[in-house]
Amino acid sequence: MSAAADAFAAVFGPRSGDPSRAVEHTAAELVAAVGAGTLSPAEIWSEYATLAAGDELNAYLWRAAEDPGADAAAPLAGVPLAVKDLFCTEGVPSAAASRILEGYRPPYTATVVERLAAAGAPMLGKTNMDEFAMGSSNENSAFGAVANPWDRERVPGGSSGGSAAAVAGGIAPWAIGTDTGGSIRQPAALCGIVGLKPTYGTVSRYGMIAFASSLDQAGPLTRDVTDAALLLRHMVGGDACDSTSTGHPGEIELPTAERLDGVRFGVPPELTGDGVEPGVRAVFEAALARIEELGGSVTEVPLPHSGHAISAYYVLAPAEASANLARFDGVRYGRRAAADGDLLSLYEQTREEGFGPEVKRRIMLGTYALSSGYYDAYYGRAQRVRTKIAEDFAAAFDQVDLIVCPTSPTVAFKLGERTADPLAMYLSDVLTVPMSLAGIPAISIPGGLADGLPVGIQLAGPAFAENRILDAALALERAIDFRSQAAARG
Ligand code: GLN
């Protein structure tokens with residue numbers, strides 16, 4: 001068995017029962033082991049640095065050479081962190097997986113990475129992703145695709161595919177990613193792990209290389225729900241460097257729920273019908289049955305405008321991207337083309353060489369949508385649709401506590417299967433984009449297997465309902481017992 005397959009089995013298969021091996025534990029268990037004195041931060045670092053060095057998934061783009069020597073008494077006890085390549089990290093390559101930023105080493109570190117390091121989670125490495133977070137399969141990376149550890153011929157999802165594959169493959173204890181339209185939740189679903197997109201504004205965006213600023217939000221990718229809560233607790237907080245950051249009104253609690261008595265779940269027919277594969281539907285229906293066994297109620301609740309979410313998103317996100325990416329001109333950051341002639345040809349040549357095809361497509365779409373004469377017809381209308389979608393959720397949360405639906409309409413697809421068809425790729429996020437447009441929090445947890453591949457279940461709640469979501473997710477996670485299902489996989 002290969003090193004990565006071995007690590008994968010250690011995470012999801014039957015454990016070997018050797019408590020001195022870091023990979024046998026969740027991050028929360030590692031923190032406890034350090035507290036109890038059975039493992040040291042140096043031992044954890046050393047094991048994970050070795051595992052990360054043996055990366056066969058192309059999950060990492062950069063790895064830390066040295067143990068930073070974390071403090072065992074810090075809240076996160078030195079459990080190291082994999083960081084998506086779009087977080088700026090001082091002196092460390094931060095390219096958002098784009099040629100245009102190849103070699104760029106920022107002079108500062110993103111607030112969230114700094115916060116986590118201060119809490120005792122030092123950076124183990126930078127992870128692969130779709131270029132500028134545009135994609136759903138990680139195949140848009142300038143540095144090659146990432147393999148899904150469940151089946152290396154399949155995609156890990158995207159755009160946080162490297163972070164998801166590293167955690168699922170057992171070569172990182174936990175990771176952070178970003179979600180603009182689904183980029184934490186969808187790869188978490190396709191890799192059989194937990195991914196949480198917090199309420200817009202709870203986590204600072206300072207130092208995140210921007211894609212669509214009104215949607216981008218950082219969040220955790222972890223082996224289980226408790227780890228997601230523990231990591232998120234140290235990510236949230238207002239930041240003077242990000243005027244849209246609000247922080248979280250209360251502390252993120254470690255979840256404890258075992259039951260769902262009295263919790264009202266709403267199933268939107270629009271997000272559970274057309275396009276959802278039969279295998280995904282079967283796992284989703286089994287999850288609904290579990291919710292009822294645990295004492296929760298399940299009713300149908302409409303989200304009538306969610307069918308327009310993908311169309312609105314692919315006007316708004318490219319519009320914001322076209323403005324955000326204007327700064328990459330060969331003068332201020334990263335790559336500069338060896339252009340003869342005037343300044344304009346330097347810009348053009350740099351952008352022609354530096355951006356990949358999907359990024360160019362988005363810049364063209366966004367520039368067109370924002371051009372005078374078309375602005376109202378496209379951007380203005382898409383903004384109105386966005387408001388309608390947010391109103392649908394608000395009305396739904398008058399009736400139910402949480403929305404439940406699958407995270408992705410399909411399981412992990414084959415590498416290359418959707419690269420020639422952008423629309424098919426865009427539809428990978430049809431179940432996650434509505435929550436992004438509404439700015440509300442949502443988690444994906446593993447619900448079971450279809451054809452031997454993981455299926456994600458998504459729970460969404462009103463703004464700042466992270467604690468409610470985490471509690472319900474924990475109760476459901478316990479009842480589903482994905483680890484046993486994965487172990488029985490064959
Ligand atoms: N897949 C979606 C896109 O390509 C979402 C990406 C994301 O959330 N960063 O835009």
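This report covers the sheet, the helix packing and some local backbone features of a predicted model.

## The sheet

The model holds an open sheet of eleven strands. Pairing within the sheet is mixed. The strand order is S1-S3-S2-S4-S6-S5-S10-S11-S9-S7-S8. Strands S1 (60–63) and S8 (297–300) stand at the edges. Each has a single partner strand, so one side of each lacks a neighbour in the sheet. On average, neighbouring strands are turned by 30° against each other, direction ignored.

Strands of a sheet pair through backbone hydrogen bonds, either parallel or antiparallel. In the order above, S6 sits between S4 and S5. The next section takes up both pairings.

Strand S6 spans residues 217–222. Is S6 mostly covered or mostly open? It is mostly covered: six of its six residues are buried.

Strand S4 (residues 174–179) is joined to S6 by five bridges. The two strands run antiparallel. Asp179 stands opposite Gln217 of S6. Strand S5 (residues 194–197) is joined to S6 by two bridges, again in an antiparallel pair. Here Val194 stands opposite Thr222 of S6.

The buried residues of H1 are Ala4, Ala7, Phe8, Ala10, Val11 and Phe12. An α-helix has 3.6 residues a turn, so residues three or four places apart point the same way.

## Helix pair H9 and H12

Two packed helices are described by the angle between their axes and the distance between the axes. Helix H9 covers residues 309–324, and helix H12 covers residues 376–399. Their axes come within 9 Å and cross at roughly 125°. H9 and H12 are therefore oblique to each other. The crossing of H9 past H12 is left-handed.

Which residues of H9 meet H12? They are Ala309, Ala312, Val315, Leu316 and Ala319. On the H12 side the contact uses Tyr378, Tyr379, Ala382, Val385, Arg386 and Ile389. By class, this contact has ten nonpolar residues, no polar residues and one charged residue.

## Helix pair H7 and H15

Helix H7 (residues 225–233) packs on helix H15 (residues 466–480). The angle is about 160°, and the axes are 9 Å apart. Angles over 145 degrees count as roughly antiparallel, so H7 is roughly antiparallel to H15. This crossing is left-handed.

H7 contributes Val225, Thr226, Ala228, Ala229 and Leu232 to the contact. H15 contributes Glu466, Leu470, Ala473, Leu474 and Glu477. By class, the contact has seven nonpolar, one polar and two charged residues.

## Backbone features in loops

Most residues other than glycine have a negative phi, and most peptide bonds are trans. Where does the model hold a cis peptide bond? A cis bond joins Gly158 and Ser159, with omega about 5°. Ser159 lies in the loop between S3 and H5.

Asn58 is not a glycine, yet it has a positive phi of about 65°. Asn58 lies in the loop between H3 and S1. Asn58 counts as partly exposed because it has 19 C-beta neighbours inside 10 Å.

Ala77, also not a glycine, has a positive phi of about 50°. Ala77 lies in the loop between S1 and S2. Is Ala77 buried or exposed? Ala77 is buried, because 24 other C-beta atoms lie within 10 Å, and the cut-off for a buried residue is 20 or more.

Glu417 lies in the loop between strand S9 (402–406) and helix H13 (422–426). Glu417 has 17 C-beta neighbours inside 10 Å, so it counts as partly exposed. In sequence, Glu417 and Arg154 are 263 residues apart. In space, C-alpha to C-alpha, Glu417 and Arg154 are 9.0 Å apart.

How values were computed
Residues numbered from 1 in each chain as written. Predicted model: local features only at pLDDT ≥ 70, side-chain atom pairs only at ≥ 80, totals over all residues. Axes fitted to C-alpha atoms, helices over the stretch in contact; angles between N-to-C directions. Helix = DSSP H or I, 4+ residues; strand = E, 2+ residues; numbered from the N terminus. Parallel < 35°, antiparallel > 145°, perpendicular 65-115°, else oblique. Left-handed = near helix turned anticlockwise from the far one by under 90°. Contact = placed C-beta atoms within 7 Å. Nonpolar A, V, L, I, M, F, W, Y, C, P; charged D, E, K, R; others polar. Buried ≥ 20, exposed ≤ 12 C-beta atoms within 10 Å, placed from the backbone. Pairing = 2+ DSSP bridges.
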